[in-house]
Amino acid sequence: MTSTWVEPSNTATALLLLGRGSDPATERGVECPGDLPAPSDPDLVARAAAAKAALGSKVFVLGHHYQRDEVIQFADVTGDSFKLAREAAARPDAEYIVFCGVHFMAESADILTSDSQKVILPDLAAGCSMADMAVLGQVEAAWEVLADLGVAEQTVPVTYMNSSADIKGFVGRHGGVVCTSSNAKRALDWAFAQGSKVLFLPDQHLGRNTAVLEMGYSLDDCVLYDPHKPNGGLTPQQLRDAKMILWRGHCSVHGRFTLDSVNDVRERVPGVNVLVHPECRHEVVTAADFVGSTEYIIKTIEAAPAGSAWAVGTELNLVRRLAMAHPDKQIMFLDRAVCYCSTMNRIDLPHLVWALEELVAGRVVNQITVDPDTAHHARVALDQMLALPGATTPPATAG
C-alpha cells in the first residue's frame, strides 16, 4: 500500500531546521577539530558501515527517535533519552558509546555508564534549547528567593530528564527527583508527599499539563517563574500560595503547535485523531484526543486500526518515519509547516562518519564528561526516580 504521507511545506527557516544553518541562541557552536566528509560524498553510507564494522563490539551507537533516517540506520538501539542512557549502561563491554542525540542525553549516558566507557557526541553543537533555558546560576538564584521567603524547605525540586547534568545535580542536592514524560505524575505525587510545593524544571508545559490534567490542580495553583525578572516576575504572595512553581522553559518544537493547528486539521480531515506530546501548550493538549510520551505516541500508532487518520504533534522526523512504517493509516504532521528539532538534526551522516573513523584511528573526539560531584548528585536524583512507587520496571521514555 502506498503511504498517504504529505510532506509539510518548507518555510524561510527550513535550512536551519535541517541543521544547515546556525542558531547562536540555542547552539554551543563548537566546530569539529577535523575535516568533515562532504555531505555530497557518495561513499558516506559505506564509510559509516566500514568504520562501525572495524570497531565491532567496542562501539555501541544510540539513536534518538528524532534523528534523521540517514543516521538512525546505524543505531544499535533507538529510543528516547533515558532508555538510551540505560541501554548504554547495560553494555559495559562497549568502550565507546556514540550518542546520536543531544548534549543532555550524552551527559545522562556518561552519568549512568562506567568510568571506563567514553561517551561521544558526533557534533557538540547538538544542544537542546529547552535544557539551555535552565542555567545552574539562575536556578540557584531562584532557590535563594524561595529561601528568603521561608518556603524553600517546603519546596521539592523536580526536573524533567530534558535538563543539563548541572540541573539534575542541583535537584539531587536538594532532595528532589528527575522525571520523564511518562512518569511525571508519579514523580509529582512523590514530591508532594515530601513538601507542599514543587519547583518544576525546565519545561513549564509538562509541569502544568501533569498537575492540572492528571492531578486535579487548577491553573491558579501554578505560577510561571521567569529567571530574567526580579523574583521571577512574581510577588512574594504568589510564590507562597503556589503549588507548582513552573520554570519559564519550553520545547522549541512542541511549543510551535497551536490550537489553530488542531482546529485546522479537524476541519480538513473529518474523524482525525489528534495525538500530541505533553510538552505541547496546555490549550493544545486539552484539545487533543490522545496525549503521551514519544513511546506512547509510537505504540498508539502501531495499535491503531487500518484506515484510521492521525495528526501527530511531535518532531517531524519521527512522524514521517511512523507514516512510512504504517502506510495502511493516514498519518500526518499536526502543523502545515516543516518543524524539525534543529539541534538534533545537526548530527548528520558526515558527523557520524567522522566520529566513527576517528575512533578507528585511535582518536577519541567530542567526549562528553560530567564532573564526579555533579554526576554523584545527579545520580541521586535519577535513582530516586527509579525508586518511585509503582516503578516496577524502569521508565523507557524521556519525552
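This report describes an annotated cysteine cluster and the aromatic ring pairs of a predicted model.

## Basis of the description

Residues are numbered from 1 along each chain as its sequence is written, and side-chain values use heavy atoms, with hydrogens and water left out. Because the model is predicted, local features need pLDDT of at least 70 and side-chain atom pairs count only at pLDDT 80 or more, whereas totals for chains, interfaces and linings use all residues.

## The annotated cysteines

An unreviewed UniProt entry places the feature "binding site" at Cys128, Cys251 and Cys341; such positions follow the numbering used here, feature names are shortened, and annotations may be inferred rather than shown by experiment. These residues are spread over 214 residues of sequence, yet they cluster in space, with a largest C-alpha distance of 9.2 Å.

Cys251 lies in the loop between β9 (244-247) and α12 (259-268), where helices (H or I, at least four residues) and strands (E, at least two) are DSSP runs numbered from the N terminus. Cys251 has 12% relative accessibility and therefore counts as buried, a term for under 20% relative accessible area, with exposed over 50% and partly exposed in between (1.4 Å probe, protein chains only). Leaving aside neighbours within four places in sequence, Cys251 is in contact (heavy atoms within 4.5 Å) with Met130, Asp203 and Glu279. Cys341, in the loop between β13 (330-333) and α16 (349-360), is buried at 15%.

## Aromatic pairs

Rings of Phe, Tyr and Trp (its six-membered ring) pair if their centres lie within 6.5 Å, planes under 30 degrees apart counting as stacked, over 60 as edge-to-face and the rest as tilted; the count comes to five aromatic pairs. One of them, Tyr225 with Trp247, is stacked, at 5.5 Å centre to centre and 15° between the planes.
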